[in-house]
Amino acid sequence: MILRRSRSTLDDESNPDTADEVATSASPPLRGHKDRFNAADLLTFGLPALFSLAIGFWQLATPGAISGLTAYDDGVYFGAALQWVNGSWPYRDFVFLHPPGIILLMSPIALFGKAFGTGNGLTVARVCTEFVATLNVVLVVVLVRRHGRVAAVLAGTLLALFPLAVANSSTLTLEPYLVFFVLAASVALVRAISSVNPNHWLVASGALFGVAGLVKIWAIFPFVVASICVALWFTRKSWRFFLGAVVAFGVPAAPFIALSPGNFFHDVIVDQVIRQASIYQQVSLSGRLFDILGFPGLPGSWLTPSIAVVAILVGAVGVVFAFWLDNESAQRSDVLLLGVTLSAIACLLVGSEFQLFYSYFSAPFLAISFVLVLHKILRGVRARWPVRLGPRYLESRVFRVAMAVVFLAASIALATHDFSYQRQFIEYNLRGNSGTVAEPGVVVSIAIPAGACAISDSPAVLILGNRYLSTTPGCPAIVDPYGMFLALNGGVVPPTTSAPAASFTDQWQTYFEEAQYVVLTFPFSEYIPWTTTLETWFRQNYTLVSSSPFAYIYQNRTNS
């Protein structure tokens with residue numbers, strides 16, 4: 001006999017006062033471990049994960065993807081971890097515009113890189129990021145699994161095949177790690193909602209949200225949604241959730257804050273608020289929605305920003321229609337996940353700047369919400385029109401096999417397109433002025449002696465060439481030249497026609513005086529606050545000793 005509960009009973013499921021009674025009357029008897037996770041479950045989790053791993057390692061197999069200069073940000077995050085394990089502290093010794101979470105996460109790999117080569121360390125970090133992206137797919141499956149295996153596989157596969165994930169999973173970025181902890185926190189909160197004793201799940205969820213905030217401040221958006229849900233649904237026990245969040249964020253961050261509280265607040269909070277988008281990052285609302293939905297990586301010239309706006313509006317109507325059609329099975333966990341989805345989209349829409357890889361932040365939650373809405377619509381249709389669309393058709397073996405074939409065919413077709421698009425994406429980033437794949441790390445390792453003091457407008461170049469950490473006393477710790485514009489130039493970022501702050505330019509001249517080598521990805525890169533005076537001084541004191549794509553190497557005539 002199938003127990004059917006009313007909506008009010010489902011609401012009581014997360015009420016601490018009635019949870020025991022609901023669990024006793026409605027929970028099925030416990031089964032053995034083998035019964036709870038069988039071959040079908042293995043396929044449910046394994047198929048989306050396999051898609052993710054296949055696409056991810058196809059990306060990394062691109063010539064140069066492991067050892068080449070694929071992005072700017074990976075050098076910043078791994079460079080910060082390298083500087084920290086080498087004795088320099090963020091906020092006090094160098095500008096770092098994010099909380100210290102990624103530094104802590106990357107510190108074991110940074111220690112490995114310090115011992116066995118920083119280029120090898122960055123390679124390990126890139127591979128680890130791909131595995132984290134696959135774990136995100138698995139967590140999406142976990143969150144949707146209660147709605148059935150088909151729904152779970154669909155949601156996980158949608159994320160695995162999200163074409164713009166290449167901008168995140170092919171190298172070290174913050175978004176995969178941020179998403180991982182937000183998804184894990186959501187899993188814990190969903191377990192708290194359905195648990196007889198939610199105490200430890202509330203603490204775990206809060207702690208995971210705290211770690212997510214330690215990775216990137218964007219975690220505040222889904223955290224606010226989760227906090228509202230917790231405050232409403234777990235009134236007397238909600239303090240556990242907030243305690244977990246405060247401890248998980250505060251304890252690891254405390255040493256960094258204590259050493260330089262003013263710079264920490266300025267770098268992590270103020271600079272993010274006042275930052276101005278460069279001309280490359282000024283994206284319209286429709287353009288952002290276009291990227292959020294992954295349209296740039298999908299086939300079809302008809303997929304335009306206007307279509308993206310229409311798709312979002314249709315999706316909003318679909319959510320309302322789904323809850324109207326199937327209001328009997330409304331669950332708090334579904335409300336939570338839809339709220340987190342909206343918060344992730346809002347986060348990407350309200351910022352002053354937008355970049356392509358930001359879209360990964362909302363991708364998992366969009367996949368979850370799409371499947372939840374589709375599931376509710378199908379459930380509502382079957383409940384309202386059981387004769388026309390009853391089990392005889394929708395649950396027949398022939399129908400299920402046909403749907404499985406269609407799903408696999410569509411997935412393979414989209415994966416094939418992903419392979420092509422993502423390979424082109426990586427190769428485009430790797431190619432220099434000559435149109436061939438550039439290996440600036442190799443050039444740097446040949447031209448610059450080990451242990452020399454070298455600085456660059458892109459730290460990744462020095463990291464790949466194992467010349468980032470210097471044994472020369474007093475060598476500047478340059479981690480994020482672009483971010484320094486935000487912190488030291490009033491938030492005005494390149495390219496700009498306004499003159500840089502005099503103190504900012506003077507600081508860079510000091511760096512040039514202390515350095516023995518300067519490596520620029522382009523001659524007189526815009527990531528340096530050049531003025532006529534500084535450029536003249538540089539030409540008088542530095543000599544170009546090597547020139548190749550992404551590696552223009554200058555030697556200090558007076559300090560070498």
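## Charges over aromatic rings

The charged end of Lys216 sits over the ring of Trp218, 3.6 Å from the ring centre. Lys376 likewise lies over the face of Phe323, at 4.8 Å from the ring centre. A charge sits over a ring if NZ of Lys or CZ of Arg is within 6 Å of the ring centre and within 35 degrees of the ring normal.

## Basis of the description

This is a predicted model, in which local features need pLDDT of at least 70 and side-chain atom pairs count only at pLDDT 80 or more, while totals for chains, interfaces and linings use all residues. Residues are numbered from 1 along each chain as its sequence is written, and side-chain values use heavy atoms, with hydrogens and water left out.

## Overall composition

The secondary structure of the protein comes to 25 helices and four strands. Helices (H or I, at least four residues) and strands (E, at least two) are DSSP runs, numbered from the N terminus. Of the 560 residues in the protein, 51% are buried; buried means under 20% relative accessible area, exposed over 50%, and partly exposed in between (1.4 Å probe, protein chains only).

Contact means heavy atoms within 4.5 Å. Among the contacts with a separation of 6 or more, 75% join residues 24 or more positions apart.

## Aromatic pairs

A search of the whole structure finds 36 aromatic pairs. Rings of Phe, Tyr and Trp (its six-membered ring) pair if their centres lie within 6.5 Å; planes under 30 degrees apart count as stacked, over 60 as edge-to-face and the rest as tilted. The pair of Tyr72 and Tyr527 is edge-to-face, because the ring centres are 5.3 Å apart and the planes stand at 85°. Tyr72 lies in the loop between helix 4 (39-60) and helix 5 (73-85), and Tyr527 in the loop between strand 2 (517-520) and helix 25 (532-541), so the pair ties together parts that are 455 residues apart in sequence. Tyr72 is buried, with a relative accessible area of 16%, whereas Tyr527 counts as partly exposed at 22%.

Phe538 and Tyr554 also form an edge-to-face pair, with 5.2 Å from centre to centre and 70° between the planes. Phe538 belongs to helix 25 and Tyr554 to strand 4 (residues 551-556), so this pair ties together parts 16 residues apart in sequence. Both Phe538 and Tyr554 are buried, and they belong to one aromatic cluster whose members include Trp508, Phe512 and Trp537.

## The nonpolar core

The largest nonpolar core has 145 residues, of which Phe78, Phe96, Trp508 and Phe512 touch the most other members. Such a core is a set of buried Ala, Val, Leu, Ile, Met, Phe, Trp, Tyr and Cys residues joined through side-chain atoms within 4.5 Å. Helix 10 (residues 175-194) supplies the largest share of this core, 13 residues. Leaving aside neighbours within four places in sequence, the contacts of Phe78 include Met106, Leu122, Leu172 and Ile463.

## Helix 13

Helix 13 (residues 238-259) has 22 residues and reaches 32 Å from its first C-alpha to its last, close to the 32 Å expected at 1.5 Å a residue. The expected span is 1.5 Å times one less than the number of residues. A kink of about 50° lies at Ala253, shortly before the proline Pro255; the bend is the angle between axes fitted to the seven residues ending at a residue and the seven starting there.

Among the buried residues of helix 13 are Phe241, Ala248 and Phe256. The buried residues of this helix pack against helix 5, helix 6 (101-116), helix 11 (199-215) and helix 12 (220-233).
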